Amino acid sequence: MRMYDLIMKKRNGGALSQEEIRYMVNSYTAGEIPDYQMSAMMMAIYFNGMTEEETLSLTMAMAESGDTLDLSGIAGVKVDKHSTGGVGDKTSLALTPMVAACGVKVAKMSGRGLGHTGGTIDKLESFPGFSTEIEIDAFERNVNEIGISIMGQTKDLAPADKKLYALRDVTATVDQISLIASSIMSKKLASGADAIVLDVKTGSGAFMKTLTDSVALAEEMTRIGNGAGRKTIAVISDMDQPLGFAVGNILEVQEAIATLRGEGPQDFTQLCLCLGSYMLVAAGKAEDEKQAEKMLKEVIENGKALEKLAEFVKAQGGDPSYVYQPQKFETARVQREIPAPQAGYIQKIVCDEIGICSLILGGGRETKESTIDLSVGLILHKKVGDKVEKGESLATIYANDEGKCEQATERFLAAYTITNVKKETEPLIKKVILPSGWNER
Ligand code: URA
């Protein structure tokens, strides 16, 4: 087989066979196919797309290009959850202990990621002593004993994706739906869970800006997951404004803790209940979503979800007292209100700009090497549809640097549109994609 022939086939609109895709992925990972040939292939795929069979073959080849986790030593159905990412997205922090408190085994691998704030791992590391760099034995033991563990992605998980993603990043070939779907799902499949619930965000603060693209990505990912024998569900949720009120690592951890105490923002709580319901049903712990939601609300009310977070933090070396006294987290030195320049209703928030404010304050990573300041960020006081008086605070900025605080304030004000017309709020959950046969259970 020659890479040249495969490039020409794809360039001319042909479909690659499973053997051809495997050859291409394995040889590229082994360094036997140069970047320039793989770049040409990615561009040919970008323009001509891939069939469902090609996408599944690419995903499986990448998933099997390195270590795959065997979770069969953990009793019961293991469920994973993945978000395509957005502003104020602290969902895993509250959702995973809620679900584990209902008796579902949560075995999750997470990344740090580049972005407006850190990833789940960075947020968890806000708990002094907490580590996600644990051995696989400890990961399995924690899932078996307390029902939950989150570890950092090992470097040998789907190495083909790692290499290809880096190449796509510099060749303008990231935003192709089959390539994104296979990239995300290769890591999920290699992580070994039996069921996967995907939170696909849509809107200005999301990777996918339009509902049409978000639905297409969700459909592609569920097709891959279900095709690979993992029960896969996708929830498409709004990211046209930040989720909840907190944006920034420690601030988001505090908001997740409040949510586990039943004092969280309405939208964030709704999303956790929705995703959690599907996780419980997929794991066979509840008959249907309604029963599952009742179980989730119960573990919030009786304190078991909060206790589960404390157990989880302790099991991974963190100080669980912060779960019960979140005021112990050290927040940023400068705290400044942003007054509304006029009275009216919040018409629009350019969501990704709020993420950039957090990045300016030092809460996110611009490059893989950047260190992040866990203590900075913003707490929004007004969201779309809210009424505001002139001078009333739109948000509190948490900063450690006056200059950055000024810069973020300017950017923040430009992201808010206030008019005299009341705006109806959009539904948070836009669509759910279920595996076939789900409703005939
Ligand atoms: N995230 C991934 O892991 N892969 C992509 O291709 C895009 C986003």
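## Ligand contacts

A nitrogen atom of the ligand sits 2.6 Å from an N or O atom in the side chain of Ser183. The model is predicted. For Lys187, an oxygen atom of the ligand is 2.5 Å from a side-chain N or O atom. For Arg168, an oxygen atom of the ligand is 2.9 Å from a side-chain N or O atom. On its own the ligand has 240 Å² of accessible area, and the protein covers 85% of that.

## The shell around the ligand

Seven names make up the surroundings: Tyr165, Arg168, Ile180, Ser183, Ile184, Lys187 and Phe207. By class, four of the shell residues are nonpolar, one is polar and two are charged.

Which helices supply at least two residues of the shell each? They are helix H8 (159-169) and helix H9 (177-190). H9 gives the most, with four residues.

## The six-stranded sheet

Six strands form an open sheet with mixed pairing. Their order is S3-S2-S1-S4-S5-S13. Strand S3 (148-152) and strand S13 (429-433) are the edges, and each pairs on one side only. From one strand to the next, the twist averages 20°.

Strands of a sheet pair through backbone hydrogen bonds, in either a parallel or an antiparallel sense. Strand S4 (residues 195-202) and strand S5 (residues 231-238) take the parallel sense, over eight bridges. Within this pair, Leu198 has Ala234 of S5 as its bridge partner.

## Helices on that sheet

Helix H5 (residues 91-101) packs on the sheet. H5 touches strand S1 (78-83), strand S2 (105-110), S3 and S4. The direction of H5 makes about 155° with that of S2.

Helix H12 (residues 266-282) also packs on the sheet. The strands touched by H12 are S1, S4, S5 and S13. The direction of H12 makes about 155° with that of S4.

## The three-stranded sheet

Another open sheet has three strands, in the order S10-S8-S12, with antiparallel pairing.

Strand S8 (residues 344-349) pairs with S10 in the antiparallel sense over two bridges. Here Gly344 stands opposite Val388 in S10.

Which helix lies across S8 and S12? It is helix H17 (residues 402-415), running at about 45° to S12.

Terms used:
Residues are numbered from 1 along each chain as its sequence is written. This is a predicted model: local features need pLDDT of at least 70, side-chain atom pairs count only at pLDDT 80 or more; totals for chains, interfaces and linings use all residues. Side-chain values use heavy atoms; hydrogens and water are left out. Two strands pair if DSSP finds at least two bridges between them. Axes are lines fitted to C-alpha atoms, for helices over the stretch in contact, and angles run from 0 to 180 degrees between N-to-C directions. Contact means heavy atoms within 4.5 Å. A residue is near a molecule or strand if one of its heavy atoms lies within 4 Å of it. A polar contact is a pair of N or O atoms within 3.5 Å; within protein, one must be able to donate a hydrogen and the other to accept it, and residues adjacent in sequence count only if both atoms are side-chain atoms. Accessible areas come from the Shrake-Rupley method with a 1.4 Å probe; for residues, only the protein chains shown count as cover. Ala, Val, Leu, Ile, Met, Phe, Trp, Tyr, Cys and Pro count as nonpolar, Asp, Glu, Lys and Arg as charged, and the others, Gly among them, as polar.
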